[in-house]
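Work through the exercises below with the structure open. Try each task before reading its solution.

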Amino acid sequence: MSPALRRLWFDPSLATRIGVVVGALVIATLIEVLAGASVPGRMPAYALVGTFVLVFGAKRLGSVIQKPLAEIEPAELAGATEVAMAEGAGDA
Amino acid sequence: MPELHPAIVLLVGALIVAVVPRRITAPVTVLSGLAALAAVLSLDEGATSTYSFYTYELTLLRADRLSLAFATIFAVITVLAALYGWATMGRLERTAGLATAGAGIGVVLAGDLMTLFFFWELKVTTVVLIILAGRRARSDAAGMRYLGVHLVGGVLLLAGVLWRLVETGSLEFGQFELGGATGLILVGFLLSAAAVPLNAWLPDAYPESTVAGTVVLSAFTTKSAVYVLARGFPGLELLIWVGVTMAIFGVVYAIIEDDIRRLLSYHIISQVGFMVAAIGVGTEAAVNGATAHATAHILYKGLLLMGVGAVLYATGRSRASALGGLSRALPWVLVLYMVGAFSISGVPLFSGFPAKELAVSSVGGGGYTVAQWLLKLASVGTFLSVALKLPVVTWFGEPKTRGDEGPARVVRSIPITMYLAMGIAAVANIAIGVRPALLFDLMPTTVTFEAYTAAKVVETAMLLTFTTIGYWLLKARLVPGPKFSLDTDWFYRQLPRRIVAVVDRGGERRIPRPGVPELPTMPAPPTRPVLPSWVLGGTIVGAMVLVLAVSVVA
């Protein structure tokens with residue numbers, strides 16, 4: 001990955017983020033107009049807003065229902081259980 | 001000529017695998033699956049097979065287009081799972097896997113409620129054995145919880161069947177009107193479909209089996225439930241909202257999940273939600289949509305679980321917080337996994353696109369626009385967590401460490417048979433995506449739906465593109481930590497312990513009275529089961545076979 005692309009993906013500035021979102025929305029709406037969509041721009045906006053709703057909603061829920069692994073299953077952190085399971089039952 | 005029942009083929013295959021020399025169990029398992037597939041394909045539409053049970057004439061086999069669609073895909077995934085587990089499965093898994101497949105096919109071909117109940121409970125028992133094949137304390141515990149939950153479901157189902165028998169004098173399994181007896185049957189079916197809030201057994205149990213065992217589990221339990229719902233309750237409006245709730249619930253949990261197999265388990269709940277919602281609409285197109293989605297789902301979810309199973313097999317890890325950086329070590333697993341991920345996300349030219357479009361469009365076509373848009377929201381969450389979050393945290397970035405073990409790395413190579421099974425599943429997913437008629441021709445009624453219109457392709461492309469942009473903006477929030485999500489299983493896993501702890505503390509707080517001797521302390525309970533799990537499982541299977549044999553003789 002080139003440094004410019006890497007920066008765009010991993011560390012975009014606020015202006016870059018806004019520019020990409022607005023630009024993509026405009027292009028998407030134009031494409032939907034050409035494709036004869038009933039409400040151009042509706043699906044792009046819905047997907048974007050939906051992503052935010054799902055992520056923030058899930059994180060909010062996670063702050064309530066998620067517990068550190070160590071509280072539930074201390075052995076999990078040691079890794080022994082997963083390795084044993086990955087090895088399968090075999091014909092023991 | 002009497003029909004050869006595919007379930008019998010698989011159950012006989014299971015018995016053979018249980019006794020033949022160990023070195024030939026793998027080919028016998030695959031051959032049993034192929035024989036069952038041949039038996040399914042040889043069934044003519046309208047074929048039936050009946051038998052007498054006391055004074056009842058029961059239907060062991062009823063082949064119509066709905067049952068044949070499910071039986072066909074069940075046989076296909078049996079072969080693929082057997083191939084995938086060729087080098088890793090033990091005898092117990094192979095036997096239980098074939099028996100589970102046989103029971104699943106028995107369910108979808110059953111023509112009456114008593115035959116259905118027999119295969120239903122046989123499936124529960126054999127699934128427990130597959131979970132126990134994980135051979136860990138956690139697998140034992142999850143298997144016993146699964147058994148407990150599904151025994152409750154089985155009792156509800158049996159109570160409903162008997163109530164209905166008393167009410168109507170009939171054991172026929174057809175479309176039901178919702179009432180007291182059929183209400184119990186419905187709850188039994190919904191529990192097996194992992195409908196919220198009866199869902200917790202699924203993400204609890206599936207990740208605790210072996211890598212191949214989980215592939216078997218993903219195909220049969222919930223999809224058998226989808227079949228019986230499609231057969232018994234099409235058009236029941238309640239199911240639309242049950243399905244939509246499942247679809248959203250599953251993706252929300254998947255977004256925050258750390259364990260990649262548990263993440264995909266939550267997506268089973270979500271995808272089954274699409275099917276349940278379509279069944280709730282109940283039109284011909286909607287039942288076709290549910291069936292098409294179930295068929296495609298078995299293929300792509302099998303492929304996804306094979307992919308993450310291969311990661312677990314190679315690295316010994318299944319938590320995203322302890323993986324990463326595997327793209328160079330496991331590039332083909334990534335490619336094959338992404339075929340499954342694009343399929344489940346409904347990307348055009350992959351199997352999920354025509355199947356999901358048919359299901360979701362039928363919900364909208366039934367006049368349930370809000371439900372349709374909520375299912376599209378679930379599609380956003382599916383693409384976000386399965387096609388973006390999971391592969392990024394598993395295959396890209398820096399390898400993460402776990403405890404003293406150091407960064408994630410491949411510690412053993414993946415058997416060629418695993419790649420072969422994943423390759424066949426990937427080709428099937430692409431073939432259906434490119435040529436939807438391969439799928440639609442199997443459906444219960446003729447499908448006139450056109451998946452590849454410009455409007456549908458553009459709409460899907462927009463949904464996927466803008467979900468990707470949303471992921472790009474929020475990706476830092478989607479990195480999972482080593483956490484465990486509590487689900488509704490909290491009520492039967494933690495609540496009893498809490499109550500016991502409170503009662504215990506009450507005992508400790510007792511103020512000693514002069515002259516009254518202290519009671520001796522109870523010894524700590526054993527941490528391991530009294531009996532090895534295979535003894536318990538074997539006893540259950542043996543008891544069921546004995547009961548059946550006595551019933552038949554009587």
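**Exercise 1. Describe the make-up of chain A.**

Step 1: Count the elements. Chain A has six helices and one strand. Helices (H or I, at least four residues) and strands (E, at least two) are DSSP runs, numbered from the N terminus.

Step 2: Starting at the N terminus, chain A reads α-α-α-β-α-α-α.

Step 3: Look at burial. Chain A has 92 residues, and 28% of them count as buried. Buried means under 20% relative accessible area, exposed over 50%, partly exposed in between (1.4 Å probe, protein chains only).

Before going on, note the ground rules. This is a predicted model: local features need pLDDT of at least 70, side-chain atom pairs count only at pLDDT 80 or more, and totals for chains, interfaces and linings use all residues. Residues are numbered from 1 along each chain as its sequence is written, chains are lettered from A and ligands numbered from 1 in the order in which they are written, and side-chain values use heavy atoms, with hydrogens and water left out.

**Exercise 2. Classify the ring pair of F173(B) and F189(B).**

Step 1: Recall the cut-offs. Rings of Phe, Tyr and Trp (its six-membered ring) pair if their centres lie within 6.5 Å; planes under 30 degrees apart count as stacked, over 60 as edge-to-face and the rest as tilted. Over all chains there are 21 aromatic pairs.

Step 2: Apply them. The centres of F173(B) and F189(B) are 6.3 Å apart and the planes stand at 65 degrees, so the pair is edge-to-face.

Step 3: F173(B) is in the loop between α6 (137–168) and α7 (180–192) of chain B, while F189(B) is in helix α7, 16 residues apart.

Step 4: Check burial. F173(B) is buried at a relative accessible area of 0%. F189(B) is buried too, with 0%.

Step 5: Widen the view. Ring pairs join F173(B) and F189(B) with W120(B), F176(B) and F233(B) in a cluster.

**Exercise 3. Is α13(B) enclosed or open?**

Step 1: Find the helix. α13 of chain B covers residues 331–344, which is 14 residues.

Step 2: Judge the burial. Of those 14 residues, 10 are buried, so α13(B) is largely enclosed by the rest of the structure. Among the buried ones are V333(B), L334(B), Y337(B) and I344(B).

Step 3: Name the cover. The buried residues of α13(B) are covered by elements including α11 (260–281), α12 (284–315) and α16 (416–434) of chain B. Contact here means heavy atoms within 4.5 Å.

Step 4: Look past the end. Just after α13(B), G346(B) has a positive phi of about 75 degrees.

How values were computed:
Expected span 1.5 Å × (residues − 1).
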